Structure formats: structure tokens, C-alpha cells
Amino acid sequence: MTQPTRSPCSALRTLPCTLPSMLARTPTAGQFARILWALELGTGLLLSGAAVAQTAPPDLPSLEDLLRTERRGAAVDVAVSTASRQAQSADLAPAVTRVVSRQDIARLGLRDLGDILRQIPGLEVREDGEFTRVAVRGVAPGDFNGRVLFLLDGLRLNDNVYDAGPINREFFVDVSLIERVEFAPGPGSALYGGNALLGVVNIVTQRADTLAGPQARVVFSPKGQVSTRLSYAQRLDSGAEWLAAFSSDEEPHPALSFGEPERYYAQLKPLEWDRARRWLLGGRDGGLSLRVGGVLRDRGLYSFLPKSGDITGSVDSVRENFVQSGWDGRLADWDVHVGLAWQGSRFRSEQADDTGPAIRTSRFEALGRWWLGEARLGQSWGGPTGDTHTTTLGLDWQRDSLQRFRYVYLGEAPDDQAYSSARLGFYVQDEWRLAERQRLVLGVRRDGARGGESSWNPRAAWVWSPEPGQSLKLMWGTAFRAPNRFESVLNANAGAEPLRPERLRTLELAWQGPLPAAPAGWTWQASVFSTRLVNLIERGANKPYANSALAQSRGGELGVNGQWGAGWQLQLSVMGQRNRADDGGRQAYSPARTLKWSLQMPLAVENLRLSLSGWATSARFGDERLPGYAQTRAHLLWQPSRAWDVFIGADNVGARAYSESSGAGYTLPLRREGTRWQAGFTWRGEGP
Amino acid sequence: MKMMAPLLLAAAAALSEAQGLDEDRLRAAFVLRLAQYTQWPTPVAEGQTLSLCAAGLQPAGLEAVRALSSRPVGGAPLRVRTLTDPRDAARDCQVLLLGHPDAATLRQWIGAVGDAPVLVVATSPEAMRAGVCIALISEPQGMAFAVNHGESKKRGLSLAAPVLKLAREVR
């Protein structure tokens with residue numbers, strides 16, 4: 001480790017010691033919102049449009065047509081991979097796994113990963129003008145989503161400086177390249193190690209079957225936002241495939257965030273802009289895969305000169321790149337997976353500074369580079385009474401070759417603090433087949449880091465699926481998150497106490513099955529959970545981080561799903577949660593109740609589909625009370641042929657004003673209002 | 001006025017002709033189509049039937065497969081048999097459809113078939129790592145399939161180009 005003589009963050013100001021930093025702004029109060037009139041809308045549609053004539057196709061459809069055929073009724077034995085790091089039935093997985101599919105993304109008009117996560121019960125996506133954060137069951141995500149593990153086709157995305165998990169414009173792939181997103185709530189450290197404290201989000205990208213040939217996608221909004229995606233993919237006669245994709249997303253004038261008085265708009269708006277570029281190249285042949293990609297995001301923001309308080313502009317930028325390779329196969333009766341990846345990230349914030357004799361540009365930069373390696377072996381074997389076990393052994397290794405903070409006035413010598421580290425995780429999991437559709441899963445993982453504490457995290461899950469489409473799961477596990485480099489450095493520079501790892505223990509009971517007395521295709525699910533959290537790492541404005549006291553989170557979820565006809569789908573879920581610290585205080589801005597719903601329906605015009613979705617949240621309490629609010633989204637999708645999608649949609653139908661807060665200690669609530677429209681098309685050319 | 005909106009939209013959202021299939025019929029249709037795109041090393045002789053052996057399926061799934069048994073595969077009529085013993089799979093099966101949920105049981109059946117020219121198709125999400133030729137993948141709104149090309153070639157089977165192009169994954 002190297003320690004420069006001057007510490008860049010010793011003043012503990014919000015700027016520049018955050019990712020990418022924002023100065024405090026004055027919020028305005030939101031309005032009190034009623035529960036959805038759009039829920040009435042969806043209910044009316046449901047009650048009046050439910051009868052559908054059912055006819056079998058006159059002849060056996062072609063293979064292509066079968067791939068586009070909607071299933072009538074609920075899906076059973078849906079394939080998921082997040083709960084055990086390998087493909088298995090959702091009914092038999094040792095965790096509840098939520099899935100948002102490619103079809104859901106297109107039909108609901110979901111614009112980014114944040115929109116996708118908003119569909120999932122138990123997740124809240126909160127924007128605060130600095131970052132987009134996802135809370136799980138009312139527990140805040142930490143500064144930059146470090147308490148949730150993000151995976152891209154198995155590649156760990158949380159960076160090695162802030163543990164940041166990007167979910168908006170900074171995300172690696174365009175939303176239209178996503179095949180599905182899986183979310184497994186609860187402790188995942190027994191398989192994944194650190195960061196899998198509150199859950200694991202696994203983003204699976206599309207393959208050459210759905211991306212074949214040239215494709216172009218353009219989305220635009222009346223306020224000048226334009227998103228484009230160009231891609232080309234090919235699957236060869238041998239079965240090998242390759243893909244190249246480039247996308248951009250520009251918003252010339254994002255909505256000003258904190259209810260700034262209108263008289264300042266003319267001055268502030270030119271300073272606010274946002275653009276991102278993404279690229280992805282990859283190939284697969286058999287079990288071998290290789291992929292490279294990256295994202296560049298630049299944001300213009302208004303800020304204030306520290307001395308005079310005059311308005312000025314600043315620029316925050318993010319650069320993230322990765323190279324990923326892997327092999328899956330079978331060797332001597334063992335299922336084998338090996339993978340190697342390299343990643344780099346750079347966060348930079350620049351703004352004018354008038355504290356010196358002349359105005360200078362100050363720059364804060366956080367740079368990270370790291371290697372990841374993983375190996376996994378799996379084997380099934382018979383027990384003495386004819387039962388079978390499937391045992392998985394795994395090893396994860398990470399080498400942080402660079403973790404550097406730099407503070408500099410351009411043209412002057414930089415002030416650097418640079419570090420490196422390494423960590424190793426070893427895990428074993430045994431899935432004991434007690435009966436054809438009954439499992440007992442036991443697992444444990446040990447993680448150790450150079451110069452840090454080691455952590456053991458066990459899990460146990462009993463799963464019983466009497467029939468496909470039904471499951472009862474009892475799950476218990478622990479998880480941890482070590483302080484990230486930024487948290488440790490900030491506290492060390494401030495002379496504050498070293499931080500201890502966050503730890504969590506959860507017990508959950510979940511059921512899913514057919515809805516009694518309902519037609520086929522209707523299911524319901526219910527779950528209750530109890531979580532104990534210790535040593536949550538939090539900080540207030542202009543303070544170092546500190547481990548908080550014991551906290552408890554309890555709650556439950558109830559949901560109904562229906563699938564009928566040729567593409568009718570209704571999802572409705574209600575979640576209640578109670579989060580309390582040892583002293584009785586509650587998690588800042590954690591709602592007690594949330595409601596989520598969506599309704600997808602084919603219309604009378606062929607290949608035309610209308611989808612409505614939304615959510616409602618109860619009042620939230622922090623430094624101020626934020627009223628509950630409801631949101632509705634509508635999206636119309638026309639697919640006249642395989643080659644074309646044309647769509648138009650609106651967020652916040654009804655243009656309601658609302659306020660939200662991420663709960664991060666140093667940010668202020670954000671006010672939003674107005675309907676956000678988008679329209680666009682996707683064109684798919686013929687493949688070779 | 002707000003309450004009129006649902007009714008107005010409901011009027012606009014008129015009944016639409018269902019083109020969906022239930023899970024079992026969709027799966028059976030996939031199996032038949034995939035078999036039609038397969039070439040065996042020894043073509044079925046004239047007057048002979050192509051044998052589809054099924055094991056581990058739920059009754060509705062088996063019924064859906066039997067409903068399609070009148071359709072030919074490569075010009076040969078299809079005969080559906082139900083098996084309970086893996087050792088029977090090595091005898092007179094050109095297609096083996098397995099509905100067992102776990103990889104270990106699937107491997108028992110695949111092991112019984114050996115390297116015989118049998119198109120092994122399975123419905124479990126664990127099917128690919130069990131070593132089947134084709135795995136049917138259940139998705140939230142429909143179905144897809146993955147191909148183990150190496151396993152198919154090892155058995156002397158030739159899968160037509162559309163199968164490889166349309167597969168979700170090819171190994």
C-alpha cells in the first residue's frame with residue numbers, strides 16, 4: 001500500500017469524496033398521492049375481457065412459429081440459474097427466484113435495468129439525482145448498491161472500489177439485449193461470497209437465436225432523449241456464434257431534480273445533460289466463450305462554486321470495461337466450469353473551484369482494476385438408500401491489482417492514494433434428493449481477504465414440490481459484506497474507527513401453487529421472512545462511516561399471477577415489511593407497504609398488444625415525511641411481422657408529482673412530476 | 001370520467017383469437033418438429049415405424065405426445081411407447097423423451113442408451129448438463145430449446161441447420 005502525505009478526503013466534504021459527487025440542493029415537498037386509478041383500469045379490463053375463444057392451430061406450426069407461440073396457462077419448471085449457480089427448475093431451486101423475461105421487457109416498455117427491477121416484488125428502485133439505488137425488502141442498498149450482487153451472465157459486476165452495482169445508464173448492456181433478469185432475494189454468500197447480502201441479480205443476455213442478423217433499435221422522446229442500438233449476430237452451421245452490439249443513449253436536458261425555482265431554469269438547464277455509449281463483442285463455440293465490452297457515461301450537472309456560490313457546470317464520467325472468458329463441459333463424470341475475467345472502472349468528477357487566487361478545475365477520480373477467476377465442479381452420486389446427492393465444489397479468486405483515489409487541480413501534481421488486495425472464496429453445496437421432487441440443500445462458503453477477516457457463511461434449504469408448478473420452501477442462511485475500499489479509506493483518513501463487516505441472517509418460508517377455485521393458469525405465492533442485520537455500514541452527511549446497531553427486518557409478500565388466452569397476463573403483489581433498529585428507529589425512507597401490478601393484453605388488431613403496469617408505496621419517513629404515491633405506465637406494442645416492432649409508451653400516466661429518497665445518508669429527496677413519453681421501433685434483418 | 005376509462009379500453013380490447021398452446025401440447029409439438037429435422041444414420045425402412053419412447057412424463061404430457069402420433073416423421077409413421085425401465089430404452093427407440101426433473105435420473109437413462117443412435121430429448125432445466133441431445137426450456141411466456149451438438153454427432157445423428165440456428169444455445 002502507498003500513503004501520500006496529503007489525504008484527499010480528509011475534509012470529509014461531500015465533494016469530492018463520493019461517486020460521482022453532487023452538492024446539496026434544496027428539495028420541495030411532494031403531494032399526497034391516492035392509490036391507483038389505473039388499478040381500477042386494469043380491473044375493469046380484466047373483468048370485461050376475460051373470455052377468449054380457444055382454437056388449436058389447424059396444422060403443426062413450424063419450428064420458428066413454435067418459438068413465438070404463447071403458452072396458455074402458467075409456466076411450470078421454468079429454468080433459473082441464480083439460486084445454485086447452474087440451471088435448474090424454479091420449483092426445485094433452494095431460493096425463491098423472480099424472473100423478468102425479454103417479452104416482459106418489450107411489452108411493458110421497460111427502459112433500463114432500474115425499470116426491470118421495479119417489476120419485481122420486494123425491490124424498490126430509488127433515484128436521488130446522484131445514483132439509482134435498489135432497496136430489498138425495505139433495507140437500503142448502501143451507498144451504491146453494494147449490498148446486492150450483480151452478475152452479467154455470471155460475471156460479477158460490483159466494482160472493487162465502491163462495490164457499485166450500476167442499474168441505469170451506466171449498465172453494461174442495452175436493455176433490448178437482455179434475455180431475462182433473475183432475482184434471488186435473501187442471503188447469497190454461501191455461494192457467491194461478499195455483496196450477496198440482500199440478494200443476487202443475474203442479468204442474462206440474448207443469444208444468436210433472437211439477435212440473428214442485423215438489428216437496429218431507435219427510441220426517442222418529445223424532450224429530445226434518443227436511444228439507439230445497432231447489432232449483428234450470427235450462428236454458424238457448426239453451432240458457433242458471434243455478436244457485435246453498439247448502443248447510445250442521450251438525454252440533452254434531464255429533468256432538474258430538486259424542484260428548482262422556475263426562474264433558474266434558463267440558467268441551469270444548459271448545464272444538465274447525460275449521454276452513454278456501450279459496446280459488446282462476443283463469441284461462443286461449444287462450451288467455450290469469450291466476450292469484451294464496456295460502457296462510457298458522461299453527465300453534465302450544475303453545481304456551485306465553493307467560495308462565491310455562483311452557479312457553474314461540472315462533469316461526472318464513468319468508464320467501465322471487461323474481458324470475460326469461460327468454458328463449460330464435462331470431464332471424467334464431473335460437470336466443469338472455469339472462468340477468467342478482467343475488469344476496469346474509472347469514476348471521475350470535475351468541476352470549477354474558486355478557493356484559490358484564480359478559478360481552477362478540480363478533479364476527483366477513483367480507479368479500479370481487478371482480475372476474477374472461478375472454477376466449479378459438480379457431480380451426482382448415489383446414497384446408501386438409493387437417494388442421490390448432487391455436490392458442487394467451487395473456488396472464486398479476485399486480485400485487485402489497483403484501487404486508487406486521485407485528487408488533483410488540473411495542471412498541478414496529483415494527490416494519490418493507491419492500494420491493492422486479493423481475496424479467495426471456497427464453497428461446497430450438496431443437494432440431497434430425498435424424493436423425486438423433494439430436496440434438502442446444505443452449503444457453506446469461506447471467504448478470506450488479504451489483511452482482512454475471514455467469513456464463514458452457511459445455508460440450508462428444504463424444498464418440496466408435490467407437482468410441477470407447486471413448491472414449498474423453507475430457507476435459512478447468512479451473508480456478509482466487508483467494508484469496501486472507499487469506506488475503509490474515508491474512515492482511515494478521518495481517523496475514525498475501522499469498520500467491521502456487515503452480517504445478516506435470514507429465515508424465510510415461501511409457497512407457490514395453483515390458485516384454488518380459479519381456472520387453470522392462475523397461481524398464487526406467499527412468503528414470510530425474518531432478517532437480523534448486524535454492523536450495517538452507514539454514514540450521515542459530512543460524517544465518516546460507522547457500524548450501526550442491530551437491526552431487524554420482518555415482512556411478507558402475497559401475490560397472484562394469471563396467464564390465459566394468447567398472451568393475457570396479470571401479476572399482482574403486495575408486500576409488507578417492518579424494519580427496526582435496536583433503538584426502535586426505522587430505516588430511513590423504507591415504506592411499510594408496496595403494491596405492484598401489471599396487465600398484458602393482446603388487442604383486437606392483430607399483433608397489437610397493450611400493457612399497463614404500476615406500483616404504489618406507502619408513506620416513507622426519514623428527516624422528513626414523504627407521502628405515499630402511485631405510478632402507472634402504459635405501453636402499446638405493434639409487431640406486424642418478425643422484422644418489426646413499433647411502440648409508444650408513457651411513464652407516470654396522469655403526470656402525478658411525487659418525491660422519493662434513496663435513504664443514502666448524504667442525499668436529499670428527489671421530486672419528480674410529469675409524464676415521460678417514448679416511442680420507437682426495432683428492425684430485424686434477415687440473418688445469413 | 002375516470003371510471004369510464006376502463007370500460008372504454010375494455011371495449012377497445014375486444015376478444016382476440018387464441019393462438020397459444022398449453023405447456024404439454026407445446027412441448028409435444030416441439031418434440032415432433034425436432035424429430036422431423038433429425039436424420040438417423042440408418043433411415044427407417046419402408047413399412048417400419050419410428051419409435052418415440054417416453055419416460056417420466058406426467059399423464060397430460062404423455063397424452064399430448066400420443067395425440068400427435070398420427071403425424072409422420074421422415075415419411076415413417078410414429079409409434080409412441082411408454083417406458084419405466086431404462087434398460088428398455090436401448091431397444092427399438094429412435095427418440096427418447098424424458099420428463100424426469102433431475103440430472104442424476106436423466107443420466108441413468110442416457111447411460112442405458114449408450115451411444116445408440118437415439119435422439120434424447122428432455123424437459124428438465126438440468127437436461128443439458130445431463131448429456132441429452134436436445135433440452136426443452138420452459139420460459140415464462142413460451143418455450144425454447146438447447147442443443148448438445150457434440151452428443152448428437154456422437155450418436156450418429158444429423159440435425160438440420162434450422163435446428164442449430166434457432167436453438168437458444170448450442171454446445
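**Cavities, then a sheet**

I looked up the second largest cavity and got about 220 Å³ of space. Of its 21 lining residues, Pro94(A), Ala95(A), Pro185(A), Pro187(A) and Arg459(A) are the closest to the centre. By "cavity" I mean a set of points, on a 1 Å grid over the protein atoms alone, where a 1.4 Å probe fits but cannot get out; lining residues have an atom within 4 Å of a point. The volume is the space filled by probe spheres set on the points, with grid points joined across faces, edges and corners.

Before going on: this is a predicted model, where local features need pLDDT of at least 70 and side-chain atom pairs count only at pLDDT 80 or more, while totals for chains, interfaces and linings use all residues. Residues are numbered from 1 along each chain as its sequence is written, chains are lettered from A and ligands numbered from 1 in the order in which they are written, and side-chain values use heavy atoms, with hydrogens and water left out.

I sorted the lining of the second largest cavity by class and found 14 nonpolar, 5 polar and 2 charged residues. (Nonpolar is Ala, Val, Leu, Ile, Met, Phe, Trp, Tyr, Cys and Pro; charged is Asp, Glu, Lys and Arg; the others, Gly among them, are polar.) Elements of chain A that each supply at least two of its lining residues include α5 (189-192) and β22 (455-464). Helices (H or I, at least four residues) and strands (E, at least two) are DSSP runs, numbered from the N terminus.

Then I checked the largest cavity, which holds about 910 Å³. It has 48 lining residues, and among those nearest its centre are Arg98(A) and Gln512(A). Strand β28 (residues 551-564) of chain A gives the most to this lining, 6 residues. I count 20 nonpolar, 18 polar and 10 charged residues there.

Next, chain B. I found an open sheet of 7 strands with mixed pairing, in the order β4-β3-β5-β6-β7-β8-β10. At its edges are β4 (78-82) and β10 (169-170) of chain B, each pairing on one side only; two strands pair if DSSP finds at least two bridges between them. Helix α3 (residues 59-67) of chain B packs on the sheet, touching β3 (50-55), β4 and β5 (95-98) of chain B. Contact here means heavy atoms within 4.5 Å.

Which strand of chain B is joined to β7 (residues 134-138) by 5 bridges? It is β8 (residues 143-147) of chain B, running antiparallel to β7. Across that pair, Leu136(B) stands opposite Phe145(B).

Terms used
1 Å grid on protein atoms, 1.4 Å probe; cavity = no way out; pocket = protein on both sides within 12 Å on 5 of 7 lines; lining within 4 Å. Axes fitted to C-alpha atoms, helices over the stretch in contact; angles between N-to-C directions.
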